[in-house]
Amino acid sequence: MFGKVIGKRLLFSAFILIAVSLLVFGATLLLPGDAARAILGQQATPERIAALNEQLGLDQPAWQRYFTWLGGLFVGDFGTSSATGGSVGALLGDRIGASFILMGLAAIISVPLGIGLGVFQALHRGKRRDQAMTGVSLVLAAMPEFVIGIGLIAIFATSVFQILPAVTLAPPGEPVWNRPEQLILPTLTLVLVVTPYIVRMMRATMIEVLDSGFVEMARLKGVPEKRVIMRHAVPHALGPVAQVVAIQLAWLAGGVVVVEFLFRYPGLGQALIDAVTYRDVQVVQAISMLVAAVYVVVNLAADVVGILTNPKLRSAA
Amino acid sequence: MSTDANSLDDLKSAATDAAEVPKESATTYVPFYKRVLAQKQGKIGLIITVVVVALALCGPLLLPWATGNTATEFVTKPFSPYGLFGSDNLGRDVFSRFLAGGVTLIVYGVLATALGMVVGAIIGMLAAYVGGTFDAVIMRLNDVILAIPQLVFALLAITVLGPQGWVLVTVIGLTHAPRIARVARSATLGVITEDYIKAAEMYAMPRWKVLIRELLPNITGPLSVEAGLRLTYSIGYIASLSFLGLGLQPPAADWGLMINENRIALSIQPWGVLLPVIAIALLTIGTNLLADSFARATASTSVEA
């Protein structure tokens, strides 16, 4: 029965990815003019344009190209970049690791930090420090990520202290962890953007849980306060927070774009911006699909966590 | 007369006994704007927002120098004899460009939010009111759009259609719509069972009239919170896109673009970056504080809560 719920979610995730692929592919049909002329220039002879169209597969109807493209995604063939002429798969392969390191670091730091701060605020609700932290998280949640990033650069790299590098020094291809100091500012930026949302949600859920009957019951039984919080209250509050954490992690896949551009970090985001600037459609399509896939997987994981931490759902399922 | 009054009193007391009259009905009504301004963050948010918006809207009228005016002998100096905050790498007056650079951001942000609110509210209310298959299909389509982060969606659109103003506004507005539709839908579901809706339906009021006259006025609370939040995000996304070089194109004066152009010289000419960064930060903080105070003001009188 538990498997049935998970199976349903899996099916739904597959549906979402198929629909997203239709959307991402359909967008390219809006491209004005023909790609071959754009590549070859105005002086190209009709024969050369026809030849290139055939080479790119543009002489086939759109639905046929869609299935060729979709089939390619399944076997890891993302097509050929129209700007560089190289394989899109190879380009992404060089950069995907760097992006996942950045996102992973940000997630590993911000999730426990957000949960911890949220619990702390809930336990001190209404006091000065709670109000101060609520104010800080409102301010941080409002600002776009590049504003926070530039603030950090001005403080730690250029204007106030000169202790950290303002941009990534490693060229694409060199592992980014060879120079750990260049990871600090991009990671810190992402952490500052993501954490406030987790804190706010954790605080609200935790307050609700602390007011509930079973926590009072545990206290009346004489369970030590530490145990009440760690064993009774916190696990109960994690379920709803998992959803917010998932939304934030999925957001990271998009937010990392601006942060990578700001720090010239050799990841997928930087590649995406370059591709948009040169209107390199194949690369943009591939990265959009990857980002959507990350979103779907993360949400699936959050659903599973939600089911596992909620006994009602677990048994009703 | 007296019998009427008695029976009315009886009815009232019966209703109170059955706890059908919500307690809030006893308190006096406080207008929404007063509830917002009664809070600290409402006041601060409003003041910050008004100051930045006034600066951005009036700025273009007060320029000390033309934004394209170059004085090559004062290139990238934090202070020059001709301007308060010096000149940028092309010798253009930073303060003039700062004053001129906020209008587009604010106009685009407001337009994108308005587009998203209109489309999202209509879709959400219809989905809740019509229900059934229509509701299910619309909500599944929403999930598809939600699977792509808004910024990535915008980048996809810009790749295909080019970095133009209407593309930014349309794509940000339309990707807000599913998120707003969710809120509008759940708020509508909350009021749809009320008696006044049934009464309107019994009068055979047309559907669109029920939606606009009966439903819409009763979900303005959650919608106003959503509008404040979406405005904050719109400004953030549009500023981010123009920072990425995909919004207004040079030589336009624009806060996001200014940050992009001047960030290489951050250590020798910080004003070209710091002025627009501070302005964008203040603007988003102001609108976010306002959205937060809207949420609190709505919660304090929402009857069903």
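Colleague: Which residues touch the most other members of the largest nonpolar core?

Modeller: In this predicted model, B:Ala154 and B:Ile238 touch the most other members of that core, which holds 160 residues. The largest share of the core comes from α10(A), with 21 residues.

Colleague: What does B:Ile238 touch, leaving out residues up to four places away in sequence?

Modeller: Its partners are B:Leu105, B:Tyr108, B:Gly109, B:Ala112, B:Leu168, B:Ile172 and B:Gly247.

Colleague: Let us turn to B:Ser240. Where is B:Ser240 placed, and is it buried or exposed?

Modeller: B:Ser240 lies in helix α11 of chain B, which covers residues 220–243. B:Ser240 counts as buried because it has 24 C-beta neighbours inside 10 Å, and the cut-off for burial is 20 or more.

Colleague: Which residues does B:Ser240 touch, again without those up to four places away in sequence?

Modeller: B:Ser240 touches A:Pro144, A:Phe146 and A:Val258 in chain A, together with B:Leu151 in chain B. As for B:Trp255, which is 15 residues from B:Ser240 along the chain, the two C-alpha atoms are separated by 10.0 Å.

Colleague: How many residues does each chain give to the contact between A and B?

Modeller: Chain A gives 41 residues and chain B gives 36 residues. On the side of chain A that touches chain B, the elements giving two or more residues are α1 (2–28), α6 (128–142), α7 (145–158), α10 (225–263), α11 (268–277) and α12 (281–309).

Colleague: How many residues on that side of chain A are nonpolar, polar and charged?

Modeller: The division is 33 nonpolar, seven polar and one charged.

Colleague: Now the chains themselves. How many helices and strands does chain A have?

Modeller: Chain A has 13 helices and zero strands. Of its 317 residues, 38% count as buried. Taking the contacts in chain A between residues at least 6 apart in sequence, 70% join residues at least 24 apart.

Colleague: What are the corresponding values for chain B?

Modeller: Chain B has 13 helices and zero strands. Buried residues make up 44% of its 305 residues. Among contacts in chain B between residues at least 6 apart in sequence, 71% join residues at least 24 apart.

Colleague: Which residues of chain B does the UniProt annotation "domain: ABC transmembrane type-1" cover?

Modeller: That annotation, from an unreviewed UniProt entry, covers residues 102–291 of chain B. Over residues 102–291 the chain is 80% helix and 0% strand, with the end C-alpha atoms 21 Å apart.

Colleague: Which residues of chain B carry the annotation "transmembrane region"?

Modeller: The unreviewed UniProt entry gives residues 44–66, 94–111, 118–139, 151–175, 231–248 and 268–291 of chain B.

Colleague: How far apart are the end C-alpha atoms of residues 94–111 and of residues 151–175?

Modeller: For residues 94–111 of chain B the end C-alpha atoms lie 27 Å apart, and the span is 89% helix and 0% strand. For residues 151–175 of chain B the end C-alpha atoms lie 9 Å apart, and the span is 88% helix and 0% strand.

Colleague: One last topic: what span should helix α4 of chain A have?

Modeller: Helix α4 of chain A has 13 residues, 62–74, so at 1.5 Å a residue it should span 18 Å. Its end C-alpha atoms are 19 Å apart, which agrees.

Colleague: Which residue with a positive phi follows α4(A)?

Modeller: That residue is A:Gly76, with a phi near 80°.

Terms used: Residues are numbered from 1 along each chain as its sequence is written. Chains are lettered from A and ligands numbered from 1 in the order in which they are written. This is a predicted model: local features need pLDDT of at least 70, side-chain atom pairs count only at pLDDT 80 or more; totals for chains, interfaces and linings use all residues. Two residues are in contact if their C-beta atoms, placed from the backbone, lie within 7 Å. Helices (H or I, at least four residues) and strands (E, at least two) are DSSP runs, numbered from the N terminus. Ala, Val, Leu, Ile, Met, Phe, Trp, Tyr, Cys and Pro count as nonpolar, Asp, Glu, Lys and Arg as charged, and the others, Gly among them, as polar. UniProt positions are given in the numbering used here, feature names are shortened, and annotations may be inferred rather than shown by experiment. A nonpolar core is a set of buried Ala, Val, Leu, Ile, Met, Phe, Trp, Tyr and Cys residues joined through C-beta atoms within 7 Å. A residue is buried if 20 or more other C-beta atoms lie within 10 Å of its own, exposed if 12 or fewer, and partly exposed in between; C-beta atoms are placed from the backbone. The expected span of a helix is 1.5 Å times one less than its number of residues.
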